[in-house]
Amino acid sequence: MRQSSLGWWLSVFPVKVKSCEEPSKQLKPPEKKKITKVNVEKNNRKFNMEESLIQKKPRILCLHGFRTSGAILKKQIGKWPEALLHNLDLHFLDAPFPANGKSDVEGFFDPPYFEWYRSNQDFTEYINFEESIEYIEDYMVMHGPFDGLLGFSQGAFISAAVPWMQAEGVALTKVEKIKFVVIISGAKFGGIKIGQPKLAANAFSSPIHCPSLHFIGEADFLKEGGTDLMQSFVNPVVIYHPRGHTVPKLDEKSLQTMVSFIETIQRIP
């Protein structure tokens, strides 16, 4: 995932080799290759996001929401700046089970729709949770390694529980431990009005030592649960937005926060 320092330098500062017969000229500083810039203002300091993120491209497995799909999540994430997405290696996976009922996104996004698991009304019984975890592990074995997970809604529930399940050795033991999670409109199993699958019964019994970025919407019905989840992680990074249960666009402040988070995870060995 890392470019060599020489390869990065040459890609940003292309050098033209001169013939020895050319007349000598005063040397000039090499010109930077023209790239699309997304400048973010922070403390009167501008930095170029392309240059900030070019050294490493994190590989991220993305888990979609309930009764949607990987293609739908890709469209939802697609509203983020192109320069940011260009520097993330995102992989979008469909859940293994077709939607067992009506999807809330019908009329907004085309089918097919999938679900990771189902539960009864009081969230005391979960169906297909263990099977989906095995399915995710098999995909990671075949297509990994992955540095982190990004989850929206139901996919965020799973993503948030993975660090504990791996640490305790109860799931995803065939793959490397993930280094970070990005949680969008999620909550935790065993949290507010939500029960726990057996496999993740104690997932948040102790603080989670895994870098995490949390998106919490002011109008999201999971706002309270998302806040509760965030507090289960050590040193969480948070992006607040005014919208509801959705993948929000990134304004300058949230873009700055996300770029800073990516810079942090780039430094993880």
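Biologist: Which residues does methionine 165 touch, leaving out those up to four places away in sequence?
Modeller: Methionine 165 touches Phe129, Ile133, Val170, Ala171, Leu199 and Ala200, where contact means heavy atoms within 4.5 Å. This is a predicted model: local features need pLDDT of at least 70, side-chain atom pairs count only at pLDDT 80 or more, and totals for chains, interfaces and linings use all residues. Residues are numbered from 1 along each chain as its sequence is written, and side-chain values use heavy atoms, with hydrogens and water left out.
Biologist: And which residues touch the most other members of the largest nonpolar core?
Modeller: Leu61, Phe129, Ile136, Ile158 and Met165, out of 39 residues. Such a core is a set of buried (under 20% relative accessible area, 1.4 Å probe, protein chains only) Ala, Val, Leu, Ile, Met, Phe, Trp, Tyr and Cys residues joined through side-chain atoms within 4.5 Å.
Biologist: Which element gives the largest share of this core?
Modeller: H6, with eight residues. A second, separate core has 24 residues, including Leu73 and Phe152.
Biologist: What lines the largest cavity?
Modeller: Ile60, Leu88, Leu150, Phe180, Val182, Met258, Phe261, Ile262 and Ile265. H8 gives the most, four residues.

Key
Buried < 20%, exposed > 50% of the residue type's maximum accessible area, 1.4 Å probe, protein only. Helix = DSSP H or I, 4+ residues; strand = E, 2+ residues; numbered from the N terminus. 1 Å grid on protein atoms, 1.4 Å probe; cavity = no way out; pocket = protein on both sides within 12 Å on 5 of 7 lines; lining within 4 Å.
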